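Hi everyone, thanks for coming.

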Amino acid sequence: MKYSLTCAALAAFAVHNVFAAPNISSIGKRQAGCEAPVELSGAENPFVGRKLHANSFYRSEVEAAVEAITDPALAEAAAKVADIGTFRWIDKREVIPTIDAVIKEVPCEEILGLVIYNLPGRDCAAKASNGELPVGALDVYKAEYIDPIREILVANPNTAIALVIEPDSLPNLVTNIDLQSCQDSAEGYRQGVAYALEQLNLPNVVMYMDAGHGGWLGWDENLEPGAEELASVYKAAGSPSQFRGISTNVAGWNAWSLTPGEFENDPDGQYNQCQDEQRYVTIFGAALEAAGMPNHAIVDTGRNGVQGLREEWGHWCNVDGAGFGVPPTTETGEELCDAFVWVKPGGESDGTSDETAERFDEFCGYPDAFKPSPEAGSWHQAFFEMLLTNANPPIA
Ligand code: BGC
């Protein structure tokens with residue numbers, strides 16, 4: 001597989017952008033947030049002039065990983081990953097009390113990325129990330145998850161925050177609604193996402209609703225139903241002012257720009273025009289616009305440095321041979337794409353490969369999935385080292 005010229009050029013820009021020298025005068029007198037309330041809006045790209053924050057939680061995971069690496073060159077590269085902006089996932093209620101401290105470490109020239117990820121009956125079409133909240137627990141989701149998060153964000157108006165809202169949830173309702181578990185979850189997903197969008201619609205926040213990836217809602221027959229599904233939830237939330245569009249490729253493996261796309265020459269390739277994320281952002285973006293929803297995007301490039309690894313496009317679990325991708329940057333070359341970001345913290349597992357575990361999903365046992373792998377979200381040292389070794393562009 002060969003990257004297109006565009007992509008190589010973007011990678012060069014990105015490296016320059018991310019490793020630009022910090023403003024010396026701001027070091028040493030860093031304080032929490034800005035001096036005045038931050039005012040963002042869905043009408044503007046919040047990443048312009050604001051670097052994605054490298055949060056201390058991921059930093060501590062990476063620093064522990066560095067200690068465990070014996071090869072000095074690899075350890076040196078690994079240490080640099082701690083400085084790369086990465087989203088922090090709020091995947092259970094018990095994580096909520098840690099948000100305030102993370103917000104307080106964000107300087108004014110940065111933006112904190114958080115993932116809202118705790119819908120009742122989460123991960124309805126898979127097993128690895130089934131959540132702590134059972135189907136039907138919408139009141140708990142509202143009162144014990146979204147409301148306390150809102151309280152913390154309201155109390156910290158001087159910090160810019162980007163939210164990715166509920167990865168995989170609405171896309172599952174579009175393509176996996178034949179599963180009983182997704183049917184049972186559907187109303188809770190729609191109402192839960194709408195509630196999150198309403199309550200987290202705050203001046204210092206910009207929100208992106210998750211839209212899966214090109215190999216998911218990008219199929220010809222999924223484009224319009226997908227756009228309608230997302231747009232109807234956006235409208236049910238009252239078309240919030242801080243809503244900017246979608247997140248794509250979250251925890252995914254697709255290239256930003258690759259011709260031909262990895263699966264383009266498959267027999268059914270003709271039924272999907274979104275063979276890379278750039279084409280997905282553009283084509284699905286047009287469907288969103290037609291459905292009446294804001295359509296800017298952020299794209300997770302955290303683990304998409306290497307292509308040609310998956311047996312099938314839908315394979316999502318700990319893909320063997322993967323590498324870190326382009327670090328966060330606004331140099332995307334695409335008007336609709338606000339930024340490349342790292343959403344999935346590289347080194348955290350997608351799911352266990354232990355067949356006897358309750359949350360074992362068969363995708364994590366496929367030949368193209370790295371084994372052994374720990375539970376979803378747990379640190380996966382060998383996978384982290386592989387991402388580092390295969391990073392494209394290299395981490396240096
Ligand atoms: C897991 C979460 C974790 C997230 C980021 C998901 O697959 O279910 O627990 O926070 O990945 O690693």
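Let's start with aspartate 168, which is partly exposed, because its relative accessible area is 22%; buried means under 20%, exposed over 50%, and partly exposed in between, using a 1.4 Å probe and protein chains only. A word on the source: this is a predicted model, where local features need pLDDT of at least 70, side-chain atom pairs count only at pLDDT 80 or more, and totals for chains, interfaces and linings use all residues. Residues are numbered from 1 along each chain as its sequence is written, and side-chain values use heavy atoms, leaving out hydrogens and water.

Aspartate 168 sits in the loop between strand S4 (160–165) and helix H6 (169–175); helices (H or I, at least four residues) and strands (E, at least two) are DSSP runs, numbered from the N terminus. Not counting residues up to four places away in sequence, aspartate 168 touches Asp210 and Trp216, where contact means heavy atoms within 4.5 Å.

Why look here? An unreviewed UniProt entry lists Asp123, Asp168 and Asp350 under "active site"; positions are in the numbering used here, feature names are shortened, and annotations may be inferred rather than shown by experiment. These residues spread over 228 residues of sequence, yet they cluster in space, with a largest C-alpha distance of 13.2 Å.

Now, is aspartate 123 buried or exposed? Aspartate 123 counts as buried, at 11% relative accessibility. You'll find aspartate 123 in the loop between strand S3 (110–116) and helix H5 (138–154). Leaving aside neighbours within four places in sequence, its contacts are Ala128, Ser129, Asn130 and Tyr189.
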